[in-house]
Amino acid sequence: MMIFNNAKRNNSFILVLILCCLVATFQGCKKKRSEMSAILFKRTHNTVFRDLDQDEFTAYFKKELEREKSGINNSQLIIDHYDQNDYEPDFVLYHLWDGGLQAMLDRYHKAYEHGIDPQLFKPAQLSALIDKFYNKDAIKTPEDAYRYIAQLEIMASSTLIDYSSALQYGIVSPKKIYSRYFIKTLQPDTASINRVFTVENMPAYLDSIQPKDPEYLTLQKAYLGKYVAPKMSKEETRRILLVNMERLRWKNKPAGNEYVYVNIPDFHLDVIDSGKSILNMKVCVGEGRNKKYLNNLENYNDTCKIDNPYAHETPLLSSVIHSVEVNPVWNIPQSIATKEIIVQAAKDPYYLSNKNINVYKDDKLIQDPETIDWSKVTKYNSDYEFRQQPGEDNSLGKIKFLFQNKSSVYLHDTPAKEAFHYTMRAVSHGCVRLEKPLELAHTLFIDTVKYNLIAKDMQEDDPMSEDISLRPRIPVYITYITCWSDQEGQLQFRGDVYGLDIVLYDHMKKYLPAE
């Protein structure tokens, strides 16, 4: 009986506790409602704001969000935020009166300084809504108040998200426009988007998201100063600066202090340590669609607008060099075998043996490949695999640097040294050929036992293939930049060998300011 009575008392206590919580919550909501009305009335002295009803405002705010959601970016995240925060109009209540919204307007008007159209952020519409709160005749009824509070809140939050994303992440996603783009690139996520709702000091926040990279500031200065590059028109220079400023806004830059950096249009490789190049060399990259530079950013045909790469173009990627193969065996890709190796073997039956290429069928070595009539072998009936053995004629040279990637490309030595004398070095099948492979090995391995082994093995007369791991592993970035400032602060320009500037510019056009 005592147990039963105790249970009744416990249940009664729990019920009272729940009722207290409900009352506290209700009182909290009433307090918040009174705060909203009090703040707006105190700031505007407009009696319409004195007796606003939070429930009515919430209902109106929900309808306005539903009406506007098709026309704003990240609409669901914005709706979720207000749903989780009692539809509190924080931008109106706190940033309208502390100068925050005006600071936003000032920055929006200056978006052209970044090569971005200010109209993307609706400064005129935002300004008109702000003005209504300083004009008693503009808001005469509670319905007017609900409408303009909701509209200003939605426009302020959505445009600040758009502006923040544009400056911190760019206006075009490279992964959406490039078919061979494999560089880790951050995009706006829930945390970065929701950050705008926690801003207390708006001018400080707006300053914090401005690009501050010295490279970016140099290009921006040239853009605003209407710099004209030698042998280029004013318009072509402007467009090159615009696309490369956009690339610098992408969050895809190397995170560590030491990394290998290949810039395809420059046909060069650098090993970077603490922001400085400690090794530089020429490279050959994959053959490009615009290798004769017939199309440029001022004059290009419609077929250039969509990324349609040549089969041999080197992909843009980020990875980590984990090992080297000294005196590598070249497992010849089927595409190269059918288009080149078999063709040469059909012309010269001893081509394969002269090039030290072994032929396999069903994983079995063919002893006399010169007896095969290669003229009758095509890509449709070829069951053969080709592997070039280590040696002086091996197309990979004496060493290749390995890193995981979807395109099966790597950095490697080459016996075809003459190509390094060319100005236009987009001549490979897709991999990156190195001018100074042993120096790269020395830079990565330093004076270690492993490096000494690499140097020794590369000089062997009877070479044997050997894999040697690299610890610590070194990041590698293969990227595409056509304008940058060198260590002396001088702008450098390179041709658009893959046409990727054109693809990017054509996708950017709708976001650019009028000239």
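Helices (H or I, at least four residues) and strands (E, at least two) are DSSP runs, numbered from the N terminus. Axes are lines fitted to C-alpha atoms, for helices over the stretch in contact, and angles run from 0 to 180 degrees between N-to-C directions. The views below come from a predicted model, in which local features need pLDDT of at least 70 and side-chain atom pairs count only at pLDDT 80 or more, while totals for chains, interfaces and linings use all residues. Residues are numbered from 1 along each chain as its sequence is written, and side-chain values use heavy atoms, leaving out hydrogens and water.

**View 1. Helix 5 packs with helix 6.** Take helix 5 (residues 100-109) and helix 6 (residues 123-132): their axes lie 10 Å apart at an angle of about 160 degrees. The two helices are therefore roughly antiparallel (an angle over 145 degrees). On the helix 5 side, the contact (heavy atoms within 4.5 Å) is made by L101, L105, Y108 and H109, and on the helix 6 side by P123, L126, S127 and I130.

**View 2. An open sheet has four strands in the order 6-9-7-8.** Pairing here is antiparallel, and two strands pair if DSSP finds at least two bridges between them. Strand 6 (330-331) and strand 8 (364-365) are at the edges with a single partner strand each, so one side of each has no neighbour in the sheet.

**View 3. Strand 7 pairs with strand 9, and helix 13 packs on the sheet.** Five bridges join strand 7 (residues 357-361) to strand 9 (residues 384-388). Look for I357, whose bridge partner in strand 9 is Q388. Helix 13 (residues 334-347) touches strand 6, strand 7 and strand 9, and its direction makes about 85 degrees with that of strand 9.

Notes
Parallel < 35°, antiparallel > 145°, perpendicular 65-115°, else oblique.
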